[in-house]
Amino acid sequence: MFLGRRVKPPSIIVKQGGERVLNVLGKIRNGIDTVNDVIGRISKYILLVILFSLMFEVIARYVFNSPTIWVQDVCKQALCALGALGGSYALLYNQHVRVDVFYGAWSEKTRAIVDICTCALYMLFLVLLVYQTIVSAIDSWTFHERMASVFAPPLYYIKSVIPVGAIMLLLQAVSKLIHDIQTVITGKSEGLRSID
């Protein structure tokens with residue numbers, strides 16, 4: 001007792017501080033996961049743009065003998081947007097392809113430790129990806145870049161979507177790192193999403 005107040009032992013202070021840090025990290029992770037989930041659910045409708053564009057092209061070409069000049073360009077840009085925005089959604093739901101000869105047999109904690117150890121490699125790649133895609137988007141806007149085709153739609157719009165997708169993928173990688181740290185500390189893997 002110190003001046004009438006009870007002083008908490010250092011171990012309790014550290015434990016309470018650790019729980020607060022884990023709670024804050026959990027909230028950050030939830031925020032990132034929610035944003036990527038919304039972006040992924042919205043971007044899946046890009047497939048409908050591709051589908052209806054190709055269907056329109058087939059009908060125009062083979063039924064009316066009047067092919068279009070815009071469908072191929074629209075489909076290329078839509079597919080690019082889908083790939084850019086879908087990467088973080090795939091990581092959120094753990095759908096990226098991996099060779100898990102050993103990984104699948106390990107415990108959740110062991111997998112989390114291995115993922116933390118390999119984190120530096122993919123974080124470095126993602127930081128470089130974000131940087132390069134931002135530079136490419138700025139250059140595209142500066143020169144008003146267009147596709148080299150008859151229709152020649154602008155490329156700077158789609159080149160602006162790619163860095164957004166790269167940033168969201170980087171943030172989802174941070175969320176995965178937070179999940180792995182929580183798994184190592186608590187010993188249990190919580191809050192992973194799965195595709196139904």
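Author: A crossing is left-handed if the near helix is turned anticlockwise from the far one by less than a right angle, and right-handed if clockwise. The helices here are DSSP runs of H or I with at least four residues, numbered from the N terminus. By that rule α2 passes α3 in a left-handed crossing. This is a predicted model, in which local features need pLDDT of at least 70 and side-chain atom pairs count only at pLDDT 80 or more, while totals for chains, interfaces and linings use all residues. Residues are numbered from 1 along each chain as its sequence is written, and side-chain values use heavy atoms, with hydrogens and water left out.

Reader: Why are α2 and α3 called roughly antiparallel?

Author: Their axes, which are lines fitted to C-alpha atoms over the stretch in contact, with angles from 0 to 180 degrees between N-to-C directions, cross at roughly 165 degrees and come within 9 Å. Angles under 35 degrees count as roughly parallel, over 145 as roughly antiparallel, 65 to 115 as roughly perpendicular and the rest as oblique. The angle of α2 and α3 is therefore in the roughly antiparallel class.

Reader: What makes α4 and α5 roughly antiparallel?

Author: α4 and α5 pack at about 165 degrees, with axes 8 Å apart. The cut-off is over 145 degrees, so α4 and α5 are roughly antiparallel. α4 also passes α5 in a left-handed crossing.

Reader: Why is the pair of tyrosine 89 and tyrosine 93 called tilted?

Author: Rings of Phe, Tyr and Trp (its six-membered ring) pair if their centres lie within 6.5 Å; planes under 30 degrees apart count as stacked, over 60 as edge-to-face and the rest as tilted. The structure holds 5 aromatic pairs. In the pair of tyrosine 89 and tyrosine 93, the centres are 4.9 Å apart and the planes stand at 55 degrees, so the pair is tilted.

Reader: What makes tryptophan 141 and tyrosine 157 edge-to-face?

Author: Their planes are at 90 degrees and their centres 5.5 Å apart, so this pair is edge-to-face. The pair links distant parts of the chain, with tryptophan 141 in helix α4 and tyrosine 157 in helix α5, 16 residues apart.

Reader: How do you know whether tyrosine 93 is buried or exposed?

Author: Buried means under 20% relative accessible area, exposed over 50%, and partly exposed in between (1.4 Å probe, protein chains only). Tyrosine 93 has 6%, so tyrosine 93 counts as buried. Tryptophan 141, at 38%, counts as partly exposed, and tyrosine 157, at 48%, is partly exposed.

Key. Helices (H or I, at least four residues) and strands (E, at least two) are DSSP runs, numbered from the N terminus.
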